[in-house]
Amino acid sequence: MYEILERRRLVPNLHLLRVRAPETARACRPGQFIMVMIGPDGERVPLSIADWDAVEGSVTAVFLIVGTSTQKLARLRAGDRLHVCAGPLGKPSEIAGFGTVLLVAGCYGIAALYPAARALRQAGNRLVLLADVKAGHLLYWEDRYRNLCDRIVVASRDPGAPFQEFASHAVSNVAAKEASLGRVLVSGCAYLLAAVSEATRPLGLRTIVSLNPIMVDGTGMCGACRCSIGGNTRFACVDGPDFDGHQVDWPELFRRRAAYLDDEVRSLCRFEKESLP
Amino acid sequence: MKAVIDGRVFEAPGKTTILEAARRLGLDIPTLCDHPRLEPAASCRMCLVEISGRRDPVPACATVLEDGMHVATDTPALRELRRGVLEMILAEHPSACLVCADRNACREPKEGIRKTVEPTGCVLCPKDGRCRLQDTAAAVGLERIVFPEAPRSAEPRRDDPLIDRDGGLCILCGLCVRVCRDLRGASVLTFVGRGGRTTVGTALDLTLLESGCLFCGACVDVCPTGALLERAARHVRPDERKPLLCALCGEGCLLQAEFDRGRLLGTRPAPGPANRGQACVKGRFLVADILGHPSRLTGPLARRDGTLVPVSWPDALTAAAAGLRSSDGPFEAVGSAQDSCEDLWALHELGREGFASGRFSIAEPPSPLEVIRKAAGVEAGEGWPDVPNAGLAAMKTILVFDEDLPVTAPILGLEVHQAVQQGARLIVFGPGESCLDRCAKVRVRAGLESAAEFLLEILAGLARTAAGPGHPGRAELGPAARMKPEESSRAERAVFKEKASRAAVILEKRKPAAFIFGPRFAAGTQGRRNAAALWNLARLTGAVLIPVAWEANARGAQALFGGGGKNGCEGAPLPAAGSLLLAGDGPPPPCREGAFIVVAAAYESGALEAADVVLPRTLFAEQDGTWVNREGRIQRMRAAVPAPGEARPLWRMAVDLARAIGSGGPSASAAGEILAGIEKERPSFAGASRAWPDEKPVFLSATAVSRTGFASVPEAGECSAAEEGSRDPDDVHGLRAGAVLKSLRAVRRR
Ligand SMILES: Cc1cc2nc3c(=O)[nH]c(=O)nc-3n(C[C@H](O)[C@H](O)[C@H](O)COP(=O)(O)OP(=O)(O)OC[C@H]3O[C@@H](n4cnc5c(N)ncnc54)[C@H](O)[C@@H]3O)c2cc1C
Ligand code: SF4
Ligand code: SF4
Ligand code: FES
């Protein structure tokens with residue numbers, strides 16, 4: 001059992017979860033994820049590691065409410081326990097001196113890219129954050145990034161934000177102003193990963209996406225997270241989750257992510273009927 | 001009256017608003033806060049139009065078109081104005097997706113995350129694609145928003161049954177507040193907070209349940225955005241819609257059923273003639289739960305060696321026919337006032353013609369209509385002057401006896417509320433609480449056993465003045481109006497007398513009046529006394545009588561058979577039955593030891609214990625059929641929802657049984673054939689085959705009630721207290737919906 005130290009709504013729909021998992025906390029590296037199970041018969045939910053504290057023995061993740069499991073997670077409170085919190089899983093992100101790194105983050109990805117940002121900064125990179133939020137009030141962790149980034153650009157619908165559009169349109173504008181851009185890291189919803197990859201392809205910018213196919217065991221055994229990278233079959237849980245965004249077969253990823261939509265909806269309807277008044 | 005709108009001539013007698021007139025010309029003026037059944041509020045300002053000669057634009061919804069007016073509804077200035085108004089609205093509503101260049105490309109990949117709790121954009125919102133705000137943004141041609149997004153509300157509230165509230169999506173159009181207060185008479189929702197924090201909520205920030213919400217769903221259906229949504233169902237998108245007639249009470253609401261690949265997702269009210277776009281908690285939220293309840297029977301059962309085992313339909317029919325044929329003693333078929341006319345007629349024919357000593361009865365006690373007819377001595381076979389919903393508006397006084405109308409007759413309830421808003425005086429008599437209490441001029445809190453006393457008290461007062469010596473029937477009224485000394489304390493009597501005299505004053509001055517009463521008022525022998533007293537008061541004041549039965553087809557059953565109770569069982573008790581076909585829910589009629597019992601049921605229940613054969617039946621939405629609502633409106637409906645498993649309509653079982661027995665009885669291959677037979681034998685059903693929604697509204701053709709005299713009121717001593725059965729208005733063919741459905745239990749405050 002893994003004690004929840006904190007569960008808090010950051011902005012609408014996005015919640016922070018801090019769990020006591022000392023062994024995971026000791027081993028975490030940027031880009032990895034944990035697998036949590038709420039109860040003995042709940043499903044396994046992969047969540048990117050957004051932060052950890054080896055001293056406290058805690059791991060932090062930020063999640064978006066999108067279905068039954070995440071609704072359940074959002075109702076837990078400090079003191080409650082998770083049945084399982086396994087990790088760290090997946091290959092860590094590559095951290096090196098790339099010159100300037102552009103971090104494109106949306107949704108939970110703003111938190112998920114934070115460990116990589118910290119490590120990349122330590123490795124001496126110049127960092128630019130392009131945060132994709134629908135409106136300014138939905139941005140979180142700006143304070144954390146301000147200490148790490150040389151530039152923060154917020155793509156939102158608000159006036160004053162330089163881009164009243166989706167981040168993928170902003171990428172080329174931001175890139176044009178950065179001389180030594182060596183790498184782009186993207187995390188967030190699958191559509192953002194795909195759209196940014198398509199935007200950087202003509203610019204020839206190496207773009208690493210943190211892929212989020214449906215996962216079941218997260219240890220390379222079930223094949224649920226199978227995806228096609230440059231024509232080769234890869235298991236995102238053990239071969240990734242970081243992949244070259246220009247090599248990903250996006251239509252296949254979208255298809256596979258939507259494969260269980262009917263069951264997800266049915267499960268959610270049942271859960272809401274049973275668990276709410 | 002003649003005016004010009006956008007260069008087109010509009011001519012019509014009477015008053016119309018500019019909006020109405022424009023719509024009739026086929027012009028599309030964007031609106032966010034108008035509703036066909038509500039007074040205009042002109043709060044959204046989207047419908048601004050220009051009138052030549054006036055400096056400022058005016059709201060089309062709240063401006064009456066005048067003779068000679070020249071109106072422009074679509075000018076560059078107006079478009080700019082509307083865009084500006086919409087931008088202001090969208091400053092407080094998640095609006096990124098409305099102006100995002102990627103909004104179409106990202107929709108499909110994001111389908112899986114539409115199940116979110118707090119939508120922060122259209123792609124995450126359950127209302128996406130069916131949102132009035134989206135439509136309006138498109139109509140106005142919005143491309144950018146100059147104000148930053150400043151959300152108004154905290155987290156969504158999901159602490160009530162059935163309804164989720166997300167103030168973050170609210171645009172303060174006020175439709176929900178108005179529909180709840182002005183149409184439903186519940187006044188649960190109100191604006192709370194001030195300025196930028198204003199949102200829709202309840203007084204003291206209570207839950208809807210604590211605030212007296214009826215969970216009628218009217219607010220959910222008028223909400224132009226996703227601020228008020230139906231729990232769970234919000235996550236599913238229907239791919240098909242069909243009309244469905246609700247048979248969960250006597251109102252006969254037209255609903256629209258929504259399906260996803262053939263599976264019923266839910267229902268919402270449709271603009272049917274009886275309900276005009278409204279419904280109640282059951283019709284709005286619970287039809288799918290009721291039809292799809294896990295206790296539904298899906299296949300026939302027959303008793304083998306003492307236990308019921310699944311069998312095929314042919315085997316079940318053979319077993320049933322053999323058992324019915326070979327048992328001694330009379331056969332009795334028992335239907336329910338919830339059944340369609342075709343079901344009842346086929347059962348009745350089976351009883352009448354299938355067996356030498358067959359008979360037919362209805363499981364429920366006599367309907368309130370039947371009770372008052374008997375009490376008044378109205379001949380069987382005579383019609384009844386039904387009062388259509390629209391007729392309530394003309395009433396100046398309405399007297400309601402212990403019917404919690406929002407529960408037992410929700411549409412009548414809202415018509416009563418509308419009438420009260422238009423000035424009708426309301427008198428409410430009964431022991432329980434009701435949301436009508438608030439607007440009652442006279443509220444008598446007393447048990448129904450003293451209803452007759454109250455009525456006689458009024459009668460005594462009125463008889464002195466209204467029914468002078470020359471008044472017809474004065475002679476009968478005299479003894480009937482004589483009061484009996486009561487056992488109650490003198491103080492109570494004084495209050496009672498005082499309320500009765502106030503009621504008398506109102507009744508005398510404010511005509512016409514309507515008297516509304518239901519099964520509790522009419523129950524037992526006391527009910528006959530109540531009914532006789534009410535009849536007399538109606539005669540004296542010219543009031544119309546509106547009996548409210550709880551069952552969907554009580555009116556139809558009454559018109560077919562003088563419905564309710566053990567038909568033909570009045571007077572000498574009939575010999576106990578030797579075999580039974582039980583299709584109604586209720587205590588079975590007296591039968592012999594070892595009688596052969598066939599049960600036609602929709603749900604598993606205790607009734608199955610005595611059954612030799614069980615036949616699974618379909619329910620209202622699953623079969624073609626005809627129901628007659630409280631107004632006497634004959635409504636036909638086609639099957640909309642697939643039957644569970646092998647369930648069959650009751651009328652078909654009766655036809656199949658008659659064939660298997662090899663005797664006379666019903667024969668038909670479609671419900672329509674049975675209806676044609678009914679039409680032939682029951683003149684009041686003339687034209688039923690053409691009944692709405694096939695063509696035009698058809699009502700039971702009522703011959704005027706010829707009886708005009710007063711009824712003799714039985715002495716109190718002759719009456720026993722009402723034999724209160726265990727019936728509940730939420731029962732559905734044996735399913736105690738008010739007890740087994742969690743949300744309905746909560747809504748009924750159980
Ligand atoms: C490596 C990785 C890291 C992730 N990190 C985060 C994170 O930090 N924060 C966050 O909010 N989400 C993250 N996700 C996605 C998250 O796992 C899903 O949103 C979650 O499992 C949904 O579960 P649910 O029951 O609430 O919703 P469901 O209704 O079951 O699913 C909603 C949608 O989420 C996707 N999904 C469902 N189950 C899974 C699963 N087991 N694995 C992946 N996707 C799934 C599907 O596309 C589905 O349509 C990550 C996914 C992966 C693979
Ligand atoms: S459900 Fe009906 S009663 Fe309840 S708040 Fe909405 S409109 Fe009012
Ligand atoms: S008022 Fe009666 S007929 Fe109308 S939806 Fe409710 S239960 Fe159904
Ligand atoms: S999650 Fe099972 S193989 Fe990757």
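Analyst: Strand 25 of chain B pairs with strand 26 (residues 633–637) of chain B in the antiparallel sense, over 4 bridges. Strands here are DSSP runs of E with at least two residues, helices are runs of H or I with at least four, and both are numbered from the N terminus. Two strands count as paired if DSSP finds at least two bridges between them. Residues are numbered from 1 along each chain as its sequence is written, while chains are lettered from A and ligands numbered from 1 in the order in which they are written. The model is predicted, so local features need pLDDT of at least 70, side-chain atom pairs count only at pLDDT 80 or more, and totals for chains, interfaces and linings use all residues, while side-chain values use heavy atoms, with hydrogens and water left out.

Strand 25 covers residues 625–628 of chain B. Strands 25 and 26 of chain B form a hairpin with 4 residues between them. In that turn, B:G632 has a positive phi of about 80°.

In a regular strand the side chains alternate between the two faces of the sheet. In strand 25 of chain B, B:G625 and B:W627 point one way and B:T626 and B:V628 the other way. Residues on both sides are buried, where buried means under 20% relative accessible area, exposed means over 50%, and partly exposed is in between (1.4 Å probe, protein chains only).

Helix 18 spans residues 554–561 of chain B, and 8 of its 8 residues are buried. They are B:A554, B:R555, B:G556, B:A557, B:Q558, B:A559, B:L560 and B:F561, a list that includes the arginine B:R555 and the glutamine B:Q558. After helix 18 of chain B comes B:G562, with a positive phi near 65°.

Strand 1 (residues 2–5) and strand 2 (residues 8–11) of chain B pair in the antiparallel sense over 4 bridges. Within this pair, B:F10 in strand 2 is the bridge partner of B:A3. Here 2 residues lie between the strands, and B:D6 in the turn has a positive phi of about 45°. A positive phi also occurs at B:D205, near 60°, in a residue other than glycine. B:D205 lies in the loop between strand 8 (199–202) and helix 6 (218–222) of chain B. B:D205 is exposed, at a relative accessible area of 53%.

For chain B as a whole, there are 22 helices and 29 strands. Of its 750 residues, 60% count as buried. Contacts (heavy atoms within 4.5 Å) have their own tally: of those in chain B with a separation of 6 or more, 70% are between residues 24 or more positions apart. The radius of gyration, taken over C-alpha atoms, is compared with a globule rule of 2.2 Å times the number of residues to the power 0.38. For 750 residues, a compact globule would have a value near 27 Å, and the 29 Å of chain B agrees with this. Along the principal axes, the C-alpha atoms of chain B fill a box of roughly 85 × 70 × 50 Å.

Strand 1 (residues 2–11) of chain A runs antiparallel to strand 7 of chain A, joined by 2 bridges, and A:Y2 stands opposite A:L82 in strand 7. A cis peptide bond, with omega about 0°, joins A:G87 and A:P88; A:P88 is found in strand 8 (residues 84–89) of chain A. A cis peptide bond also joins A:G240 and A:P241, with omega about 10°.
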